[in-house]
Amino acid sequence: MEIFGVPSALLGSQLLVGLINGSFYAILSLGLAIIFGLLNIINFAHGAQYMMGAFVAWIALTKFGINYWVALLVAPIVVGALGVLLERTMLRKLYKLDHLYGLLLTFGLALIFEGVFRDQYGISGQSYPVPELLEGGVNLGFMYLPIYRGWIVIAALAVCFGTWFMIEKTKLGAYLRAGTENPQMVQALGINVPLLITFTYGYGVALAAFAGVLAAPVYQVNPLMGSNLIIVVFAVVVIGGMGSIMGAILTGLGLGLIEGLTRVFYPEGSAVVVFIIMVIVLLVRPAGLFGKA
Amino acid sequence: MHMKKLTTLACAAAIASLSGVANAQISDGMVKIGVLTDLSGTYSDLAGSGAVLATQMAIDDFIAEAKPNFKIEMVSADHQNKADIASTKAREWFEREGVDTATELVTTSVALAVMKVAKEKNRIALMSGPASTPITNEQCNDVSVHYTYDTYSLANGTAKAVTKQGGKTWFFLTADYAFGQALEKDSSAVVVANGGKVLGSVRHPFPASDFSSFLLQAQASGAQIIGLANAGADTTNAIKQAAEFGITPKQSLAGLLMFITDVHSLGLKSTQTMYLTTGFYWDLNDATRAWSKRYFDKQKRMPSMVQAGQYSSVLHYLRAVKAAGTDEAGKVMAQMKKTPINDFFAKNGQIREDGRMIHDMYLVQVKKPEESKYPWDYYHVRQTIPAAEAFQPLSESRCSLVKK
């Protein structure tokens with residue numbers, strides 16, 4: 001069977017691959033959306049923090065023999081802790097200023113992080129093996145699905161919806177959302193808002209690092225791996241609506257699918273399709289698909 | 001005011017005439033070599049700081065061998081793979097800093113831009129890193145040398161060997177810019193000429209990190225060989241993901257431009273048995289091993305063909321300056337073209353009128369992990385492609401300098 005001249009098996013596999021990429025977009029844009037929502041900081045270092053997650057996992061494996069499953073927990077904690085340090089020492093001073101300052105600071109930090117890793121490890125990248133438990137693949141009939149790719153989707157969805165649940169359905173989440181709306185009032189009620197903010201930034205950064213560890217066995221671990229991805233992720237956040245949690249998740253997955261389809265029908269356009277959609281969304285709904293106007 | 005200027009000029013002239021006695025025709029008594037390369041981006045491992053080191057080694061070796069009566073200085077800069085940055089820097093070097101030659105110039109767009117500035121300012125462009133054939137064809141000029149390799153020689157080596165060994169049906173994964181398209185075009189021609197068939201191709205954006213969609217299309221084509229017409233991180237990611245999706249070893253990959261740095265980064269497990277064409281391998285013979293060991297001691301990596309070619313081209317340039325007794329571009333170019341190149345990199349290498357340096361190329365096959373006996377022991381050399389066959393023949397040249 002063919003759809004628009006493309007065999008349906010190929011189409012099915014492209015949709016699945018799109019969903020896998022969408023999972024990365026979802027985790028990364030979720031982290032950005034949370035940080036922007038509460039801190040009003042456009043975290044340009046997000047791509048670098050994703051890269052650092054992958055590198056921490058690689059260093060842990062090659063230097064200390066720490067396996068993938070432990071790295072999945074340790075790398076986000078290490079990179080998240082670095083994020084906490086940044087928030088305490090630098091970002092904190094910028095909250096009252098224009099967005100531009102936060103953007104410039106985090107952009108500068110991203111360049112520094114990438115530079116340090118490039119200087120240390122070169123640009124060609126390091127290989128991170130797929131964990132033994134997830135090696136191999138299954139034949140789905142229409143495609144051969146590497147088990148690890150399937151794991152990416154499951155892990156990403158679990159983390160995304162876990163985060164959504166925490167923010168929308170728990171008491172801690174209620175404080176967070178209230179802190180976003182009216183920090184003075186929440187502070188007056190006896191809640192430590194600065195601590196809440198530090199925690200949020202750390203968590204957003206940890207999400208990026210988590211995505212980095214997930215990506216390590218699939219892509220070469222390379223100092224520029226984040227900078228290639230971050231621009232697309234920003235577009236995803238803009239399309240979903242700045243600060244909208246569910247918007248970021250759904251848009252990430254959806255755009256992954258659309259990008260996958262573009263790669264079949266017009267591969268040359270697959271790098272720009274996200275931006276074309278961004279332009280259209282900004283014209284029609286300037287606040288984004290899920291944003292509040 | 002006028003008077004003062006004139007006096008200054010006269011003094012300057014007098015001083016120049018006095019100090020110029022020793023080196024009549026070396027401008028400012030100094031030869032200045034600029035290394036314009038990618039120090040921070042995708043190509044910084046295969047060129048980058050290693051090319052700067054190779055240049056310094058060439059200068060040191062030349063001083064030791066020839067004891068020249070002129071000074072040699074090196075400057076280097078990062079062109080970030082952007083043509084505008086490169087041409088601005090080259091212009092500044094030529095106009096204000098007395099740089100005599102801009103060297104390395106990885107990335108085709110950078111090379112083409114700097115060649116134009118060099119022609120305008122009558123300085124020399126020595127290119128080791130860039131790959132595309134237009135450098136010595138449509139865009140050729142008489143102050144440029146394309147030294148190490150090009151897309152024609154790569155296709156001619158790898159695509160020919162793989163097709164002859166029974167890889168008759170091909171599908172190309174091509175980086176969607178000038179270099180990738182040139183490589184696909186040159187390779188397709190070679191495949192067809194050797195009795196193979198091209199089933200299709202897919203153009204991916206440059207740079208890309210996820211190749212799964214494109215690889216699935218290549219898989220669906222059923223071609224025996226998937227030709228990778230890309231470079232650097234694109235190639236390594238594509239190879240890694242092809243194994244993941246179970247495409248290899250059922251279908252085989254042919255890396256049309258791969259450097260030893262790529263093999264090193266991916267490891268032998270993912271690259272074993274692949275064919276590739278290279279202008280240099282550190283473990284060819286005693287001379288290449290000796291030089292590479294010196295390089296390794298400083299850089300902690302073995303040299304890529306670009307870095308080895310960089311050394312050879314700079315040394316050849318300096319020898320020509322000494323022999324010609326001048327650093328004027330035209331005379332040095334004439335000397336360089338007239339003298340055969342003999343060092344660890346090239347045997348009887350020769351620079352043709354289109355600026356192409358022709359030398360032997362090597363078809364190599366990546367070793368299996370168990371065949372590799374010591375660090376960086378990566379290749380079986382399967383065939384030496386003689387200089388005369390490795391590069392585009394002058395009869396096919398589209399360069400206006402070639403008289404037919």
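How much area do chain B and chain A bury between them, and what share of it is on carbon and sulfur atoms? Here are some notes that start from there.

1. A word on the ground rules. This is a predicted model, in which local features need pLDDT of at least 70, side-chain atom pairs count only at pLDDT 80 or more, and totals for chains, interfaces and linings use all residues. Residues are numbered from 1 along each chain as its sequence is written, chains are lettered from A and ligands numbered from 1 in the order in which they are written, and side-chain values use heavy atoms, with hydrogens and water left out.

2. On to the interface. Chain B and chain A bury about 2,500 Å² between them, with 51% of it on carbon and sulfur atoms; buried area is the accessible area (1.4 Å probe) that two parts lose on being put together, summed over both. More of chain B's share comes from B:Lys240, B:Glu244 and B:Phe245 than from any other three residues: they supply 23% of the area that chain B buries against chain A. In terms of contact (heavy atoms within 4.5 Å), 30 residues of chain B meet 31 residues of chain A.

3. There are three salt bridges between the two chains, where a salt bridge is a side-chain nitrogen of Lys or Arg within 4 Å of a carboxyl oxygen of Asp or Glu. B:Glu244 forms a salt bridge with A:Arg149, their closest N and O atoms being 2.8 Å apart. On the side of chain B that touches chain A, the elements giving two or more residues are β7 (197-204), α7 (212-221), α8 (232-244) and α9 (260-266) of chain B; helices (H or I, at least four residues) and strands (E, at least two) are DSSP runs, numbered from the N terminus.

4. Now for the cysteines. One disulfide (a pair of cysteine sulfur atoms within 2.5 Å) is counted over all chains, and it joins B:Cys140 to B:Cys399 with an S to S distance of 2.0 Å. B:Cys140 sits in the loop between β4 (124-127) and β5 (144-146) of chain B and B:Cys399 in the segment after α14 (387-390) of chain B, so the pair ties together parts 259 residues apart in sequence. The torsion about the S-S bond of B:Cys140 and B:Cys399 is about 80°, so the disulfide is right-handed.

5. Finally, have a look at A:Glu87 in helix α3 (residues 68-89) of chain A. A:Glu87 counts as buried because its relative accessibility is 0%.

Notes. Buried means under 20% relative accessible area, exposed over 50%, partly exposed in between (1.4 Å probe, protein chains only).
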